[in-house]
Amino acid sequence: MNSLDQLSELSIARSWAAIGAFDGVHIGHQSLFDRLVAGAHQAGCKAVVITFEPLPALFFKRIVGMQVLTSWHERVALINNFAVDQVIVLDFNASLAEVNALPFMEKVKKAIGVERLIMGIDSALGKDQASSTTGLKEIGRQLGFSVDVIPPVRNQQEVVSSSNIRKLLKSGNIIRANEFLGRPYTVSGKVVHGENRGHKLGIPTANLSIPDEKMLPANGVYATRAHVDGETYLAVTNIGVRPTFENPLPVPRVEPHLLDTDKMFYDRLIELEFVAYLRPEMRFPDASLLVAQIHKDIATAREILKDES
């Protein structure tokens with residue numbers, strides 16, 4: 001990550017830039033990046049994306065639940081898929097939070113020679129929240145860059161936004177959330193030791209350690225794909241507190257059962273792609289009924305994932 005003052009070390013002569021949180025890198029962001037890259041390269045400029053860690057909305061505690069769709073590592077990797085020339089991650093701290101848009105853009109202009117700024121219609125920068133439609137255009141006139149305002153992308157008349165994706169995930173509407181993202185929603189975590197309840201039931205699961213700030217879909221059972229050690233497995237994943245057993249968990253746990261393998265994957269990183277919501281988490285009268293339902297879930301997941309291949 002970089003501080004605002006470290007931007008001066010970049011010395012990019014000419015660029016087009018996009019600045020924002022870009023949490024989730026959804027299809028609206030993707031449309032913006034496509035426009036940024038095509039325009040910048042046609043003009044003989046570098047395409048530069050500036051984002052922040054933590055997200056400003058997280059810093060100011062504006063995100064309900066204080067959870068994000070993508071870590072900054074995930075955001076950078078996803079943004080790089082769009083052939084941008086450079087992604088800059090700025091450390092969003094108390095000092096940067098006090099900087100108004102004009103001095104911020106003065107440093108950006110000096111560091112990367114920005115000639116055009118590509119922004120969403122609801123975007124704003126700086127402590128004074130200079131908007132893309134008014135304040136930033138005036139700053140651009142002062143500093144010598146233009147501002148290109150991109151209208152929102154809609155899916156079935158609904159605006160595609162990070163906040164709407166969070167709502168969809170919290171309601172378990174994974175298919176619609178994936179439409180907004182343009183790809184399956186992913187959750188990654190290292191496999192840690194648990195209570196081995198799944199193993200005792202004959203359906204072993206991997207217990208994933210997930211960062212607290214990573215948003216989880218609603219509690220329930222999902223058809224997923226699991227990527228680990230360069231291999232991909234079909235999986236059924238439970239998110240929840242295991243209500244069938246005594247002493248339910250205090251917070252939801254992510255536990256995938258990887259199909260057609262007996263490997264345990266301890267200390268390995270598993271990335272889960274959420275494809276479909278199968279059912280809510282529920283309490284069963286006894287473990288045998290739970291096992292019977294899980295086998296039904298496995299059969300359903302195989303059919304869904306086969307069709308999705």
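# Notebook: pockets, salt bridges, confidence

I began with the largest pocket: 42 residues line it, and Gly20, Ala21, Asp122, Ser123 and Ala124 lie nearest its centre. The model is predicted, so I kept to its limits: local features need pLDDT of at least 70, side-chain atom pairs count only at pLDDT 80 or more, and totals for chains, interfaces and linings use all residues. Residues are numbered from 1 along each chain as its sequence is written, and side-chain values use heavy atoms, with hydrogens and water left out.

**Entry 1. Largest pocket.** I noted the pocket criterion: on a 1 Å grid over the protein atoms alone, a pocket is an open set of points where a 1.4 Å probe fits, with protein on both sides within 12 Å along at least five of seven lines. Lining residues have an atom within 4 Å of a point. The volume is about 1,200 Å³, taken as the space filled by probe spheres set on the points, which are joined across faces, edges and corners. Helices (H or I, at least four residues) and strands (E, at least two) are DSSP runs, numbered from the N terminus.

**Entry 2. Second largest pocket.** I found about 400 Å³ of space in the second largest pocket. It has 24 lining residues, with Ser71, Glu74, Thr186, Ser188 and Lys214 closest to its centre. Helix H3 (72-80), strand E10 (185-192) and E15 give two or more residues each. E10 gives the most, with 5 residues. The lining divides into 9 nonpolar, 9 polar and 6 charged.

**Entry 3. Salt bridges.** I searched the whole structure and got 14 salt bridges, each a side-chain nitrogen of Lys or Arg within 4 Å of a carboxyl oxygen of Asp or Glu. Arg35 and Asp148 pair at 3.3 Å, N to O. Arg35 is in helix H1 (residues 27-42) and Asp148 in strand E7 (residues 146-150), 113 residues apart. I checked burial (buried under 20% relative accessible area, exposed over 50%, partly exposed in between; 1.4 Å probe, protein chains only). Arg35 is partly exposed at 39%, while Asp148 is buried at 16%.

Next I took Arg176 and Glu158, with closest N and O atoms 3.2 Å apart. Arg176 lies in helix H8 (residues 174-181) and Glu158 in strand E9 (residues 158-159), so the bridge ties together parts 18 residues apart in sequence. Arg176 is buried at 14%; Glu158 is partly exposed at 30%.

Asp297 and Arg279 meet at 2.9 Å, N to O. Asp297 belongs to helix H10 (residues 287-308) and Arg279 to strand E15 (residues 269-279). Both count as buried, Asp297 at 4% and Arg279 at 10%. I also logged one network of salt bridges with shared partners, joining Glu158, Arg176 and Glu179.

**Entry 4. Confidence.** I looked up pLDDT, the predictor's confidence in each residue, from 0 to 100. The mean is 92, and 95% of residues reach 70 or more. Where pLDDT is low, the predicted coordinates should not be read in detail.

Methods: Nonpolar A, V, L, I, M, F, W, Y, C, P; charged D, E, K, R; others polar.
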